[in-house]
Amino acid sequence: MRVGIVGVGAMGAVHAAAWQQTPAEVVGFAATSAATAEPLAHAYGARAYDSLDELLRDVDVVDLCTPTHLHYAQAVQAAAAGKHIICEKPLARSIAQATAMIACCRAAGVKLLVAHVVRFFPEYVRAKAAVEAGEVGQLAVLRFRRNVFQPKKAEDNWFVDQNKSGGLILDLMIHDFDCARWLAGDVVRVMARSVGYRQPGAPFDHALAILTHANGAISHVEGSWAYPPPTFRTQFEIAGSQGLILHDSDTAAAIRTFRQPLPAAGTPDVPVPSSPLLEDPYTTQIKAFYAALVHDAPLPVTAEDGLKALEIALAALESARTGDVVGLGVGD
């Protein structure tokens, strides 16, 4: 399997390192110019390409690690060339773009995998397994927090350009929107408030969204770009009729489970080692994608999953803009 990575920023480097842990070969990197791609290409013994056009001739899989607003055109081009696609989250900048990407890939008979990497973090994997096993009973309230510093401050900082990235809500909080849906099912309504949306250009942003799930559960999702670097903190609480699951990235035991009634034997507190002690989740993710491609197996994160997460994030953006509750049209 020959892989070409488009984009040579932080995520391009992370994906390249992860691909090295598979039998696949990273044959090239494409950027706005070959000179820009050359340092990363040299590090991996690969070729630097001036454009996606050139890269497509030499690869089987295209891994898009580019800014969000570029995903649509690049994915459509790769699908037309018959290449499987791995796309960093968010899938696209709009529902229309994401829907068209999925349709193009389906028509071309190629796979479209969306890199929602949090699904591969052991804390979240353990929480998913506990919920599916009924350890906490019927889900009631879920809380997610992702509090970090604002991305790079360069003049070309596409992260803080709402038109390109969707800002904090679309670029960062989409991780937890996806996890909320993964754990508690489809979302029918969203209400959100954002400090940064009300103060465009502010050197910070902080937002809170409340999701109502079709099964009646409620998720509180908090995201922030207001913390000083290098802060990166994540937390979740999953409360159900029979127990509670807690995770705090600042603690040594990354996840703790409390059940009611208590098990007949053992302890109600079940810690899981924190992710730094295990395989890097980006590597776990790429390995899963590689296996899905090689064995034509079900995708661990489908394009439809990426679309659903995008719908929630865009509804949160709209709610933050208008102050209104936004429905998603998947049932009430």
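Author: Glu-88 stands opposite Ala-115 in E6. That pair belongs to a place where strand E5 (residues 84-88) and E6 run parallel, joined by four bridges. Helices (H or I, at least four residues) and strands (E, at least two) are DSSP runs, numbered from the N terminus, and two strands pair if DSSP finds at least two bridges between them.

Before going on, a word on the source: this is a predicted model, where local features need pLDDT of at least 70, side-chain atom pairs count only at pLDDT 80 or more, and totals for chains, interfaces and linings use all residues. Numbering starts from 1 along each chain as its sequence is written, and side-chain values use heavy atoms, with hydrogens and water left out.

Now zoom out a bit. The open sheet has six strands in the order E3-E2-E1-E4-E5-E6, with parallel pairing. Strand E3 (47-49) and strand E6 (112-115) are at the edges with a single partner strand each, so one side of each has no neighbour in the sheet. From one strand to the next, the twist averages 25 degrees.

Helices pack on this sheet too. Helix H2 (residues 34-43) lies across strand E2 (25-30) and E3, at about 155 degrees to E3. Helix H4 (residues 71-80) touches strand E1 (2-6), strand E4 (61-64) and E5, and its direction makes about 170 degrees with that of E5. Contact here means heavy atoms within 4.5 Å; axes are lines fitted to C-alpha atoms, for helices over the stretch in contact, and angles run from 0 to 180 degrees between N-to-C directions.

Elsewhere, two helices meet each other: H9 (residues 174-184) and H12 (residues 303-322) pack at an angle of about 120 degrees, with their axes 9 Å apart. Ile-174, Phe-177, Asp-178 and Arg-181 are the H9 residues in this contact, and their H12 counterparts include Asp-305, Lys-308 and Leu-310.

As for H12 itself, 14 of its 20 residues are buried, so the rest of the structure largely encloses this helix. Buried means under 20% relative accessible area, with exposed over 50% and partly exposed in between (1.4 Å probe, protein chains only). Just after H12, Gly-323 takes a positive phi of about 85 degrees.

And the whole chain? There are 12 helices and 15 strands, and 50% of the 332 residues count as buried.
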